[in-house]
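Here is a quick look at the aromatic side chains of this protein and at one of its strands. Have the structure open as you read.

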Amino acid sequence: MYETMPDHNLPEELIQFRDSIRRFVDRELRPLERHVTIDGKLPAEVEAAVAAKAQAAGFWLMDVPAELGGADLGLLALAIFWEEIARTTAVSARDHAIFGPTIGPILLSLQGGMRDKYLMPVLRGELKACFAQTEADAGSDPASMRTRAVRTDSGWKITGTKRYITKALTADFAQVMAVTDPEKGARGGISCFIVDMSTPGVSIGPAEMTMMGDTPYEIIFENAEIPAENLVGGEGMGFSLAQNYINYGRIRHGAHACGAMARCLEMTASYVKQRKTFGALLADRQGVQWMLADGYMALHATRLLVHDAAAKLDLGQDARVETFMAKITGVESGFKVIDDCLQLHGGMGLTRETPLERYWRDLRSFRITEGPTEVLKTTMARSILKSAGL
């Protein structure tokens, strides 16, 4: 396969890390693809066995600080990791449980008793968490959020409904965004709370079946009383915390698109060198050659954007616009590339004989999750115009 990874821009330790996780994917994960169910999951016993291998190999809790037992990777290293594991459909696009529980920046920000009560049990696999921000009328626009948190003598009382919440059914607690001061708007009026799912007034609503195979749920809050200490990061810090969480997700989306493109292009380049139509190999047809050339250009461009955004965030720079570009380019280019690869496989591409249809569904959904392309472009344009003094 043509290798487009810009090694000259990566330190030697990251190149070695990339190569080691790639070997693990090829040796341990790709052979498991035949076990993946229609909803994109491995049987529990298969997942547990390969998770033990991942932990033994050191691929465990990749975004968690070393003092907490994790690999302590920065975002650039994580982007490389996410790309490599996306080269197989044995790992769900939304849940990397094979490599330990998903943590994220909100839980990692917890301190003191909150860290002991929530973060540490998640790291040990004793508790599960979900992230609850989206609402029926407030997906990409947090200013439209209707869930309210009102201060009481002992803490807060939350009322509202969250929708499309992944892992809600199995979560022990939720990271919930709620409006605490409507007058301050999204940037100062939204706060983040840790809410135990067993809290009186908290209930699970209807499931939503999706094209990706996962099943998000509603979470309903009816005057759910939350202790004062379950406010995360201070009142009005919810938007900032959510942006950190979502920036992390946008880098992951872009990196996943790279891995998906790389796998599908690899498969397609091999296939067109064998498949004949009307007496000629597909590989000899100019239209097919152009599709492959466009695909590899898209892969290379996306990877550079993802690495640039991740490296800037690692340096503590404001890279919000860069994360937009990485995510937009990744999911839009990735979907087009995978659609082309599926097209070149013909009827076989529509079957589960190859992972193409799975990648196609995942990338189609990524064009909406973590910020729809149209919203991100609009927000990015506003930043550009503002910086231009217009």
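Let's start with F24, a buried residue with a relative accessible area of 2%. Keep in mind that this is a predicted model. Its mean pLDDT is 92, with 97% of the residues at 70 or more. The part to treat with care is residues 1-5, where pLDDT stays under 50; the model has 16 contacts beyond four places in sequence for that stretch.

**Aromatic pairs**

How many aromatic pairs does the structure hold? There are 9. One of them joins F24 to F59, in an edge-to-face arrangement with 5.4 Å centre to centre and 65° between the planes. This pair ties together distant parts of the chain: F24 belongs to helix α1 (residues 12-29), while F59 sits in the loop between α2 (44-56) and α3 (75-85), 35 residues apart. F59 counts as buried too, because its relative accessibility is 7% and the cut-off for buried is under 20%.

Y118 and F173 make another pair, with ring centres 4.8 Å apart; the planes meet at 65°, so this one is edge-to-face. Here again distant parts of the chain are linked, with Y118 in helix α5 (residues 112-123) and F173 in strand β4 (residues 173-179), 55 residues apart. Y118 is buried at a relative accessible area of 1%, and F173 is buried with a value of 1%.

Here are the two pairs in brief:

| Pair | Centre to centre | Angle between planes |
|---|---|---|
| F24 and F59 | 5.4 Å | 65° |
| Y118 and F173 | 4.8 Å | 65° |

Which residues form one aromatic cluster? F17, F24, F59, F81 and F99 do, so the F24 and F59 rings, edge-to-face to each other, both belong to that group.

**A charge over a ring**

Arginine comes into the picture as well: R364 lies over the face of F335, 6.0 Å from the ring centre.

**Strand β1 and its partner**

Now back to β4, the strand that holds F173. β4 pairs with β1 in the parallel sense, over 4 bridges. Within that pairing, C130 stands opposite A174 in β4.

Where do the side chains of β1 (residues 129-132) point? A129 and F131 go one way, C130 and A132 go the other way, and all are buried. In a regular strand, side chains alternate between the two faces of the sheet.

Note on methods
Residues numbered from 1 in each chain as written. Predicted model: local features only at pLDDT ≥ 70, side-chain atom pairs only at ≥ 80, totals over all residues. Heavy atoms only, no water. Phe/Tyr/Trp six-rings, centres within 6.5 Å; stacked < 30°, edge-to-face > 60°. Helix = DSSP H or I, 4+ residues; strand = E, 2+ residues; numbered from the N terminus. Buried < 20%, exposed > 50% of the residue type's maximum accessible area, 1.4 Å probe, protein only. Lys NZ or Arg CZ within 6 Å of the ring centre and 35° of its normal. pLDDT = per-residue confidence, 0-100. Contact = heavy atoms within 4.5 Å. Pairing = 2+ DSSP bridges.
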